[in-house]
Amino acid sequence: MSGPRSTAAARRQYQTRRARRERQVVTPEGLTLTFTLATRGARVAALLLDVFLVFLVLIGFAIAVGTIANFLDVSKSPVLRELQEVFLILLFAGLFLLRYGWLLWFELGPRGASPGKRMLGIRVAARGGGRLTPDMVIARNLLRDLEVVFPLAFVPALFQPDDQSPLALALGAWFAIFALFALTNRDNLRPGDLIAGTWVVETPRRRLVQTMSAATHAQSHPNQTAYAFSDEDLAVYGEFELQTLERVLRSAQQGQMEAVAQSICAKIGWNAPSGYEVQPFLDAYYTQLRARLERGLRLGQRKSDKFDAGRNA
Amino acid sequence: MSEAATGPRRLWNGLKERFSGTVPPPPDAGIAQVLRSDRFRLLREGDWRRLDTIVTRLEKGQVRRLSDEDVLEMPVLYRQLVSGLSVARETSLDAATLQWLEALAQRAWFQIHGPQITLSGWLGGFFRGGWSRAVRAIHIDIWIALALMVAGTVVGWMLCAHDPAWYDTLVPGEFIRNTSATREQLHDTLFKSEGEMLGAFAAYLFSHNAQVAILCFALGFAMGLPTLMLLVQNTGQLGAFVWLYAQKGLMVECIGWLSIHGTTELFAILLAGGAGLHVGRSIAFPGARSVLESAAAAGQRAAVVMLGVVLMLVVAGLLEGIGRQTVNDTVARLLIGGVMLTFWTGYFALAGRRGGGAA
């Protein structure tokens with residue numbers, strides 16, 4: 001039984017590490033919302049994705065220009081020079097807009113996220129839970145040169161040992177401070193976030209699934225009522241185990257369910273069910289355990305997991 | 001075996017939920033028997049799902065596809081969700097439902113507390129006074145930047161006047177505009193048009209200058225010092241440049257050549273430097289507030305100024321790329337430059353004095 005136990009331990013470890021990224025915000029309605037800060041890895045990946053997309057747009061532009069030039073039969077066209085000029089203007093303006101405007105434009109939208117950020121499920125938000133305004137989004141995007149472009153310009157110097165002037169190294173180290181700024185604070189703020197008053201949070205996206213008890217009734221196991229657990233049978237587990245059981249039931253893998261049913265039965269001294277009986281058994285145990293724990297909840301008694309014996313009568 | 005019994009049904013339910021987009025009917029037959037917390041959910045689920053649909057539309061930017069009732073009821077639905085979530089947190093142990101509710105509450109919160117005005121509305125406020133108010137708000141930093149720019153120009157001039165060798169140090173790599181050039185050669189550089197592709201030239205100038213201005217601002221983050229250095233260095237070049245022409249008696253022509261776009265461009269660089277300095281100063285000397293708060297307030301003010309700087313540089317690019325090449329008369333050049341300077345100064349000094357308010 002070391003398998004499930006170690007995955008449970010890993011899950012807990014993950015949850016504590018995740019809890020370190022959680023920030024509570026109290027809304028004007030008095031609701032406490034928990035935001036989870038995006039990891040630095042997700043943010044770097046989002047930036048790389050955006051850079052990739054910008055390059056795709058540039059390639060598309062080049063292909064379009066090439067096609068049009070071909071189509072117009074360059075040699076005899078008298079409007080060629082004007083066309084060339086229009087393309088050049090588009091190129092200069094377009095490059096500028098892509099470089100400084102791509103992230104800006106998308107972050108100004110209702111999702112507060114560039115395409116790369118969206119793909120990684122993160123977005124920009126006002127630090128501490130205020131309204132995200134256009135000035136914030138502009139401010140946070142004005143510092144990208146300082147954080148990305150200039151530090152990168154000094155990377156080649158690192159690989160040329162014969163050509164390392166002390167000035168270049170000093171400048172490189174100086175720019176590295178800006179590039180690595182986000183590693184130095186616990187809110188993962190980069191300089192742009194700092195001066196804009198923003199941070200980057202995860203956007204949870206979930207679909208609402210059926211309630212477990214409703215799903216049970218929809219499937220209407222004939223022998224569900226056959227399982228009636230005594231108070232002692234239910235007292236061995238707490239909320240953590242309940243939610244693990246919920247996950248197991250929702251994923252509905254027979255082998256996993258059988259293993260769980262066996263460990264429950266071992267604990268309460270029942271004969272383990274098998275085959276068709278496993279799911280009805282677990283459904284019944286889940287429903288009754290939840291009913292018991294929720295009853296305790298209404299009376300102000302929580303049992304967080306199986307080790308928590310104190311406040312539960 | 002049992003997988004075969006439940007698998008297709010689960011799949012079907014999943015597909016139905018995914019594609020129908022409507023509320024799947026709660027199994028009301030068993031509602032009396034379900035858990036109390038599930039009953040709580042089943043009774044409210046319709047409203048929650050409706051809010052979900054509205055929020056999804058808002059996220060996609062499909063505001064027009066929302067009916068008036070949806071818009072009116074969204075705050076009500078949101079409040080219901082908030083109270084429902086508070087109750088559920090205390091009474092329900094259904095992890096999936098709770099997580100979904102938390103996620104929906106966050107998404108709805110982002111939309112309700114999202115930008116209250118549209119981008120065009122914000123830009124309207126920006127032009128009607130938001131920009132000039134932001135400029136006035138950082139006026140101390142702008143005066144400091146101006147003093148440095150003037151000092152840089154004077155120093156550049158005086159260094160060259162003291163020893164012409166300084167010119168090559170300050171303005172390196174010039175083939176024609178160097179100390180050995182004749183008066184005619186220099187005169188030509190001021191009045192010979194660069195010829196064709198003026199629009200492209202203007203676009204190039206804009207993009208180059210805007211990048212420099214943004215860099216000048218960004219460097220302000222390092223306590224503002226690099227911004228100051230950049231300002232002094234650039235205006236030092238300017239001083240040396242004017243000195244070169246003044247040597248050959250072309251000072252007025254040179255100033256005309258510079259001022260047609262320079263009043264706008266230098267003004268923009270002045271604002272960018274001031275904005276960078278403002279941010280740097282707020283980080284170095286946050287005063288009574290925390291560094292984070294002080295930096296955020298300064299950064300947001302400076303961002304408004306910087307958006308304006310980029311727009312000014314578009315104008316400067318047009319004046320330099322097209323205007324200077326086609327207007328070949330010093331008086332006209334000085335006139336245009338003076339008019340632009342008056343316009344910008346007046347706009348920043350006066351626009352948005354009364355309104356106050358937003359943007």
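Two residues are in contact if their C-beta atoms, placed from the backbone, lie within 7 Å. This predicted model counts local features at pLDDT of at least 70 and side-chain atom pairs only at pLDDT 80 or more, while totals for chains, interfaces and linings use all residues. Residues are numbered from 1 along each chain as its sequence is written, and chains are lettered from A and ligands numbered from 1 in the order in which they are written.

**View 1. Where chain B touches chain A.**
The contact draws 72 residues from chain B and 66 residues from chain A. On the chain B side, the elements giving two or more residues are α1 (2-20), α2 (36-59), α3 (68-91), α4 (95-112), α5, α9 (198-218) and α12. Helices here are DSSP runs of H or I with at least four residues, strands are runs of E with at least two, and both are numbered from the N terminus. α4(B) gives the most to this side, with twelve residues. By class, the side of chain B that touches chain A holds 41 nonpolar, 19 polar and twelve charged residues. Ala, Val, Leu, Ile, Met, Phe, Trp, Tyr, Cys and Pro count as nonpolar, Asp, Glu, Lys and Arg as charged, and the others, Gly among them, as polar.

**View 2. The two chains as folds.**
Chain B has 13 helices and zero strands. Chain A has 14 helices and four strands. Of the 359 residues of chain B, 42% count as buried. In chain A, buried residues make up 31% of 313. A residue is buried if 20 or more other C-beta atoms lie within 10 Å of its own, exposed if 12 or fewer, and partly exposed in between, with C-beta atoms placed from the backbone. Take contacts between residues at least 6 apart in sequence: in chain B, 79% of them join residues at least 24 apart.

Axes are lines fitted to C-alpha atoms, for helices over the stretch in contact, and angles run from 0 to 180 degrees between N-to-C directions. Angles of 65 to 115 degrees count as roughly perpendicular, under 35 as roughly parallel, over 145 as roughly antiparallel and the rest as oblique. From α5(A) come D135(A), M136(A), I138(A) and A139(A). Their partners in α12(B) include G299(B), Q300(B), A303(B) and L307(B). The contact of α5(A) with α12(B) has eight nonpolar, two polar and one charged residues.

**View 3. α5(B) against α12(B), within chain B.**
The axes of α5(B) (residues 119-137) and α12(B) (residues 291-326) come within 9 Å and cross at roughly 120°. The two helices are therefore oblique to each other. α5(B) passes α12(B) in a left-handed crossing. A crossing is left-handed if the near helix is turned anticlockwise from the far one by less than a right angle, and right-handed if clockwise. Residues of α5(B) including F126(B), W131(B) and V135(B) meet residues of α12(B), among them R301(B), V305(B) and G308(B).

**View 4. α2(B) against α3(B).**
This pair packs at an angle of about 145°, with axes 9 Å apart. The crossing of α2(B) and α3(B) is left-handed. Among the contact residues are F40(B), W48(B) and L51(B) of α2(B), and M74(B), Y78(B) and L81(B) of α3(B). By class, the contact of α2(B) with α3(B) has ten nonpolar, four polar and four charged residues.

**View 5. Under cover: helix α6 of chain A.**
The buried residues of α6(A) (residues 144-153) are R144(A), D145(A), L146(A), E147(A), F150(A) and P151(A). Their cover includes α5 (134-141), α8 (166-179) and α9 (191-196) of chain A, together with α9 of chain B.

**View 6. Two positive phi angles in chain A.**
Most residues other than glycine have a negative phi. N188(A) is not a glycine, yet has a positive phi of about 55°. N188(A) sits in the loop between α8 and α9 of chain A. N188(A) is buried, with 20 other C-beta atoms within 10 Å. A252(A), also not a glycine, has a positive phi of about 55°. The place of A252(A) is the loop between α12 (239-251) and α13 (254-268) of chain A. A252(A) is partly exposed, with 15 other C-beta atoms within 10 Å.
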